[in-house]
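These notebook entries record what I looked up in the structure. I took the ligand sites and the strands in turn.

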Amino acid sequence: MQQAQARVAVIGAGPSGLYAAAALLASGAPVSVEVLDRLPAPYGLVRYGVAPDHVKMKSVIRVLQKPFDPADVEFLGGVRVGDGGIPLDELRKYFSAIVYATGSTVDRALGIPGEELAGSIGSGAFVSWYCGHPDRTELRPVLDHPGVAVVGAGNVALDVARVLAKTADEMAATDVPGPVLDVLRDSAVTDIHVLVRRGPEHVKFTPAELRQIGELGNADVVVHDDGLLAQGVEESEDKRQKQNIDMLTEWAGVAPTGKPRRIHLRFLRSPVRVLGAEGRVSGLVVERNAVGEDGRLRGTGEEETLDVGLVVRAIGYAAEPVPGLPFDERSGTVPNVAGRVMRDGEQVPGAYVTGWIKRGPSGVIGTNKADATETVACLLEDLPGLPAPEHPEPDALRAALAAHGIRPVDWTAWLRLDAEEIRRGGLRGAERVKVAEMAEMLDHAHGVPAS
Ligand SMILES: Cc1cc2nc3c(=O)[nH]c(=O)nc-3n(C[C@H](O)[C@H](O)[C@H](O)COP(=O)(O)OP(=O)(O)OC[C@H]3O[C@@H](n4cnc5c(N)ncnc54)[C@H](O)[C@@H]3O)c2cc1C
Ligand SMILES: NC(=O)c1ccc[n+]([C@@H]2O[C@H](COP(=O)([O-])OP(=O)(O)OC[C@H]3O[C@@H](n4cnc5c(N)ncnc54)[C@H](OP(=O)(O)O)[C@@H]3O)[C@@H](O)[C@H]2O)c1
């Protein structure tokens with residue numbers, strides 16, 4: 001006897017959700033798959049996180065879009081699950097299983113005085129703004145001061161520093177929206193201070209990303225390491241760390257060449273107070289750290305003030321709880337075993353997670369493939385025992401969405417918006433220029449002619 005088709009929803013069209021959809025499809029199991037995203041555009045952080053000048057990286061989109069091209073998988077963009085969208089309890093009535101792939105892009109706080117001042121921004125917000133995320137079009141950071149501090153020693157800190165260091169002409173060749181380019185064109189920034197709380201051997205940069213800041217035409221890299229690198233840093237077995245140390249040691253021995261901008265890498269420095277004047281950032285007090293014999297970091301009490309008008313925290317992310325699912329505040333993830341959602345040690349029937357909401361905010365795009373494969377394997381194993389949906393008929397979900405005032409952006413509609421962005425790109429000599437305003441995105445998607 002042929003097994004009835006199970007209906008699976010994937011919530012989140014970022015890499016983890018799309019790898020999960022592809023894995024479900026490739027399994028040949030009797031499942032139909034729908035991918036829901038709160039935004040009218042797919043691809044999650046590939047579109048709204050990966051730096052605009054990382055054009056090659058974005059080509060992963062060609063792989064991620066495959067399940068939609070032959071219309072094997074349905075895309076329902078502009079559908080938020082939870083508050084302000086369709087409640088999870090209601091959504092469950094239409095599916096046998098739901099895979100949550102909602103990511104984690106809430107900015108973590110430093111917890112220091114002055115952090116709330118205008119001009120003190122999390123990287124989530126800052127990156128979303130320059131990537132044209134519809135939630136952040138209003139951010140428009142003020143770049144009228146020569147100094148900027150970027151806190152953190154991960155790849156996101158490098159992305160932010162590089163975008164601020166490049167010329168507006170270099171950024172015009174990317175997909176940044178017009179209003180973002182205008183702000184970058186007017187930028188008075190000359191000195192970008194990257195604050196690394198530990199030593200050169202502890203950075204989380206990947207060598208390829210670190211190398212890029214050394215190759216900038218518009219900016220010198222200046223290493224402030226208090227002579228640590230010249231003394232010789234402990235040899236690492238880790239190949240990536242060794243490459244980083246070699247690069248940093250070489251740069252530490254070279255004087256700036258007089259390029260218009262500088263990226264300062266300041267090691268063993270932690271921000272302790274954001275200074276303000278007239279309600280906005282006017283400086284940042286940093287404390288020098290030392291690593292104790294036990295390997296632990298401690299402040300020395302020695303302080304210095306950086307003259308900056310903007311502070312961007314790139315210290316990692318947290319996730320928003322998914323209403324209706326258990327949540328571990330400490331790790332910022334939904335408790336799970338290999339992707340099966342667990343509540344009080346029991347599996348929640350039909351609920352699965354993948355990507356950053358499953359394992360926390362780390363890992364590159366490719367990491368999400370193996371992660372999604374693991375989750376999908378669990379789902380397929382559970383398939384025979386999954387609960388049957390209350391409303392299996394295909395049109396019932398659309399009717400429910402309409403009742404909530406939601407008109408989904410399907411794949412054809414997204415392709416209309418995509419075409420408009422490519423058209424705008426052609427006018428600027430870029431592959432695409434993003435449409436960032438939500439109303440405009442929806443108009444283009446639904447084919448509303450411009451008035
Ligand atoms: C700034 C930044 C730059 C990065 N650059 C790179 C890079 O250059 N190369 C690289 O390999 N990796 C990069 N990464 C890492 C990579 O982007 C992540 O590993 C990956 O995006 C995580 O995938 P995800 O699907 O779990 O989450 P996400 O990509 O965040 O996708 C989550 C999706 O869920 C949707 N969603 C959220 N809540 C809801 C809801 N309630 N209802 C419906 N939909 C919802 C969101 O709109 C989003 O589309 C970067 C990360 C960041 C933060
Ligand atoms: N091009 C790419 O491939 C690319 C680009 C962007 C992002 N990504 C990936 O996306 C993931 C997230 O990147 P990320 O940069 O957000 O995170 P990350 O790699 O975890 O780096 C976070 C950094 O913040 C520092 N930090 C944390 N709390 C701090 C505090 N209170 N004060 C000062 N510093 C603090 C950490 O220092 P400690 O180490 O001391 O804790 C660490 O250096 C990573 O896996 C990254 O590789 C990849």
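**Entry 1: the shell around ligand 1**

I began with the helices and found that α1 (15–26), α2 (44–48) and α7 each supply at least two residues of the shell around ligand 1. The model I am reading is a predicted one. I then looked up the whole shell, and 30 residues surround ligand 1. The closest are S16, D37, L45, G363 and I365. Sorted by class, the shell around ligand 1 holds 15 nonpolar, eleven polar and four charged residues.

I next asked which domains give residues to this shell. Domain 1 (6–105 + 319–409) and domain 2 (110–314) each provide at least three residues of the shell around ligand 1.

For polar contacts of ligand 1 I noted three residues. A nitrogen atom of ligand 1 lies 3.0 Å from a backbone N or O atom of R38. A polar backbone atom of A101 is 3.5 Å from an oxygen atom of ligand 1. In the side chain of N368, an N or O atom is 3.1 Å from an oxygen atom of ligand 1. I also recorded the area: ligand 1 taken alone exposes 1000 Å², of which the protein buries 90%.

**Entry 2: the shell around ligand 2**

I repeated the search for ligand 2 and found 23 residues around it. A153, R197, R198, E209 and G363 are the closest to ligand 2. The shell around ligand 2 comprises ten nonpolar, seven polar and six charged residues. Helix α7 (residues 155–165) contributes the largest share of the shell around ligand 2, namely three residues.

A polar side-chain atom of R198 is 2.8 Å from an oxygen atom of ligand 2. For K204, a polar side-chain atom lies 3.2 Å from an oxygen atom of ligand 2. V156 takes part through its backbone, with a polar atom there 3.1 Å from an oxygen atom of ligand 2. Ligand 2 taken alone exposes 920 Å², and the protein buries 83% of that area.

**Entry 3: the seven-stranded sheet**

I traced an open sheet of seven strands in the order β3-β2-β1-β4-β18-β17-β16, with mixed pairing. The edge strands are β3 (73–77) and β16 (336–337); each has a single partner strand, so one side of each is left without a neighbour in the sheet.

β1 and strand β2 (residues 31–37) pair in the parallel sense over six bridges, and A6 stands opposite V31 in β2. Strand β17 (residues 340–343) and strand β18 (residues 346–353) run antiparallel and are joined by three bridges. There, M342 stands opposite Q347 in β18.

Is strand β1 (residues 6–11) buried or exposed? Six of the six residues of β1 are buried, so the strand is largely enclosed by the rest of the structure.

**Entry 4**

Which strands did I find paired with β14? Strand β6 (residues 120–122) pairs with β14 in the parallel sense over three bridges, and G122 has R313 as its bridge partner in β14. Strand β7 (residues 147–151) also pairs with β14 in the parallel sense, over four bridges. In that pair, A149 has V311 as its bridge partner in β14.

**Entry 5: T206**

T206 and Q243 are 37 residues apart in sequence, and their C-alpha atoms are 8.9 Å apart in space.

Key:
Residues numbered from 1 in each chain as written. Chains lettered and ligands numbered in written order. Predicted model: local features only at pLDDT ≥ 70, side-chain atom pairs only at ≥ 80, totals over all residues. Heavy atoms only, no water. Near = heavy atom within 4 Å. Polar contact = N/O pair within 3.5 Å; in protein donor to acceptor, adjacent residues only side chain to side chain. Areas by Shrake-Rupley, 256 points an atom, 1.4 Å probe, with all protein chains shown as cover. Nonpolar A, V, L, I, M, F, W, Y, C, P; charged D, E, K, R; others polar. Pairing = 2+ DSSP bridges. Buried < 20%, exposed > 50% of the residue type's maximum accessible area, 1.4 Å probe, protein only. Domains from an automatic or database assignment.
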